[in-house]
Amino acid sequence: MTAAETYEAYADRVTDPRFTDWLRERSQPDWDAAVEHRFVEELGAGTLDEDAFAAYLVQDYAFVDELVGTFGHAVGQAPDMASKRRLVEFLDTVTDEEDDYFERSVTALGVSESRWQDPEPTPATAAFIDLLGRAAREGGYAETLAVLVPAEWIYESWATAAAETHGDPDSDGPPSTGMELPFYFAEWVDLHAVDSFVAFVDWLRRELDAVGPTLSPRRETRVASLFDRTVALERRFFETAYENPQATVDSEVSP
């Protein structure tokens, strides 16, 4: 099915339309290519090359500051205190649990502190950093959400799929608990498959669902473009991990 050019046209042809579903539909084929990428398939299965994963983590950490800053902009732009509080709570997770995960994982993977604390961004990472900054600085709440929603939604999508495919269905813990994987693989799935993250992504989508239909045609086009660009960069980000991964690893540090 061809994606509708406008949300209004999309809403006229579907039952229970969501603005974010329209954005996802029009971002194809990059959306499916990202959530079904070789990188996340191998990560979930535990067959991913560890050097490639180390390269990926180093680049992911390279734009964490910008991601945190963009969420900070969203806090200031959010329409009410309840929304601001929800965003602040997520920021606490990123700057605490996720930051701790990064430090433990890159150390175990043999990456020297100097390399992951001050990485050289790849072109894909640099483009992502630029996109996050421009969306936050040059638009309103809708524009900021247009990059945050796909960035988090893609991760929730691939991680929950990985957990369902490879996890222990009898476990009482997070969906991927029981996966026979190194902690840096299993915990990365867990962080994006746990109920709290799934609920946050749905809430983030609903924030954009609420504001999206109220936009002028010009802003709707801009929001759709930002969403598309984010999805394309997520796909490229996964691909970049396979390009010269050995350059990330410190040969003097053993995992």
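1. By class, the lining of the largest cavity comprises 10 nonpolar, one polar and four charged residues. This is a predicted model, and the cavity has a volume of about 160 Å³. The structure holds one cavity of 30 Å³ or more. Its lining counts 15 residues; Asp-60, Leu-67, Glu-98, Glu-152 and Tyr-155 lie nearest the centre.

2. Where the lining comes from. Four helices each supply at least two residues of the lining of the largest cavity: H6 (64–77), H7 (81–108), H10 (141–166) and H11 (183–193). H7, H10 and H11 come up again below.

3. Overall fold. The protein has 13 helices and zero strands. Of its 255 residues, 50% count as buried. Among contacts with a separation of 6 or more, 79% are between residues 24 or more positions apart.

4. Helix H11. Nine of the 11 residues of H11 are buried, so the rest of the structure largely encloses this helix. The buried set is Tyr-184, Phe-185, Ala-186, Trp-188, Val-189, Asp-190, Leu-191, His-192 and Ala-193. Note that Asp-190 and His-192 are on that list. The packing partners of these buried residues are H4 (38–45), H5 (50–62), H7, H10 and H12 (195–211).

5. Nonpolar core. In soluble globular proteins, nonpolar side chains tend to be buried together. Here the largest nonpolar core has 80 residues. Those with the most contacts inside this core are Phe-39, Phe-53, Tyr-56, Leu-87, Trp-158 and Trp-188. H10 gives the largest share of the core, 14 residues. Trp-188 also belongs to the buried set of H11.

6. Leu-87 up close. Leaving out residues up to four places away in sequence, Leu-87 touches Phe-71, Ala-74, Val-75, Ala-78, Tyr-141, Phe-200, Trp-203 and Leu-204. Leu-87 is also one of the residues with the most contacts inside the largest core.

7. Helix H13. The buried residues in H13 are Glu-220, Val-223, Ala-224, Leu-226, Phe-227, Thr-230, Val-231, Leu-233, Glu-234, Phe-237, Phe-238 and Thr-240. An α-helix has 3.6 residues a turn, so residues three or four places apart point the same way.

8. Glu-25 sits in helix H2 (residues 19–26). Its relative accessibility is 22%, so Glu-25 counts as partly exposed; the cut-off for buried is under 20%. Glu-25 and Asp-228 are 203 residues apart in sequence, yet 10.0 Å apart in space, C-alpha to C-alpha.

9. Backbone points to check. A cis peptide bond joins Gln-28 and Pro-29, with omega about 5 degrees. Pro-29 lies in the loop between H2 and helix H3 (30–35). Asp-16 has a positive phi of about 50 degrees, although this residue is not a glycine. Asp-16 is in the loop between helix H1 (7–13) and H2. With a relative accessible area of 66%, Asp-16 is exposed.

How values were computed: Residues are numbered from 1 along each chain as its sequence is written. This is a predicted model: local features need pLDDT of at least 70, side-chain atom pairs count only at pLDDT 80 or more; totals for chains, interfaces and linings use all residues. Side-chain values use heavy atoms; hydrogens and water are left out. On a 1 Å grid over the protein atoms alone, a cavity is a set of points where a 1.4 Å probe fits but cannot get out, and a pocket is an open set with protein on both sides within 12 Å along at least five of seven lines; lining residues have an atom within 4 Å of a point. Grid points are joined across faces, edges and corners, and a volume is the space filled by probe spheres set on the points. Ala, Val, Leu, Ile, Met, Phe, Trp, Tyr, Cys and Pro count as nonpolar, Asp, Glu, Lys and Arg as charged, and the others, Gly among them, as polar. Buried means under 20% relative accessible area, exposed over 50%, partly exposed in between (1.4 Å probe, protein chains only). Contact means heavy atoms within 4.5 Å. A nonpolar core is a set of buried Ala, Val, Leu, Ile, Met, Phe, Trp, Tyr and Cys residues joined through side-chain atoms within 4.5 Å.
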